[in-house]
Amino acid sequence: MGNFFKNLFKSKSKETADEVAPKNCLVAVADGDIIPLSEVPDPVFAEKMAGDGAAIMIKGDTVVAPADGELTLVFQTKHAFALKLSNGLELLVHIGVDTVSLNGEGFQQLVEAGKTVKAGTPIIKIDRDFILSKGLSLATPVLITNVDAAKSITPVTTGSAVAGETTVVNFEV
């Protein structure tokens, strides 16, 4: 009987530890289709000059945090934001390609920089139709910018993504 209770509590504490332990993944920042970085129509992202990760062809209108962390920066034009994770990784989410040219039009900031957010927290709301009407791509890179801080980065390159749920990048630090 003693082993029964010991094992019962051991498995419970293991489950709790797994739930509390930080996840070594980034989740989708929006609903859409996962694409490899190489398919983003901008060489800075496609050739991994800004970092490594995955991209999402956005189908929705809300962009969320890809992980738990501190929202360190929202660009003045609201087309991109940065997060710093507790494990030291630094992330960049760049909404669309050449969207900086819109000077913030079509983007609504939902969270102020300096706030701690959870994976799936809405950060930016976009006017998808407006952005597309300007002939711009909504291919959205989700990057680990300080790649040297990670032992490995393994992007997911295909599939459908659900904002805040679908894993798009696995990593080890």
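Q: Where does Lys-78 lie in this predicted model?
A: In this predicted model, Lys-78 is found in the loop between β5 (69-74) and β6 (80-84).

Q: Why is Lys-78 called partly exposed?
A: The relative accessibility of Lys-78 is 24%. Buried means under 20% and exposed means over 50%, with partly exposed in between. Lys-78 therefore counts as partly exposed.

Q: Which loop holds Lys-48, and what is its phi value?
A: Lys-48 belongs to the loop between α2 (43-46) and β3 (52-58). Phi of Lys-48 is near 60°, which is positive in a residue other than glycine.

Q: What makes Lys-48 partly exposed?
A: Lys-48 has a relative accessible area of 45%. The limits are 20% for buried and 50% for exposed, so Lys-48 is partly exposed.

Q: Why are β8 and β10 said to pair?
A: A pair of strands requires at least two bridges. β8 and β10 (residues 122-126) have 3 bridges in the antiparallel sense, and therefore they count as paired. In one of these positions, Phe-107 has Ile-126 of β10 as its bridge partner.

Q: What makes β4 and β8 edge strands?
A: The open sheet has 3 strands in the order β4-β10-β8, with antiparallel pairing. β4 (62-64) and β8 (107-109) each pair on one side only. Neighbouring strands of this sheet are turned by 25° against each other on average, direction ignored.

Conventions:
Residues are numbered from 1 along each chain as its sequence is written. This is a predicted model: local features need pLDDT of at least 70, side-chain atom pairs count only at pLDDT 80 or more; totals for chains, interfaces and linings use all residues. Side-chain values use heavy atoms; hydrogens and water are left out. Helices (H or I, at least four residues) and strands (E, at least two) are DSSP runs, numbered from the N terminus. Axes are lines fitted to C-alpha atoms, for helices over the stretch in contact, and angles run from 0 to 180 degrees between N-to-C directions. Buried means under 20% relative accessible area, exposed over 50%, partly exposed in between (1.4 Å probe, protein chains only).
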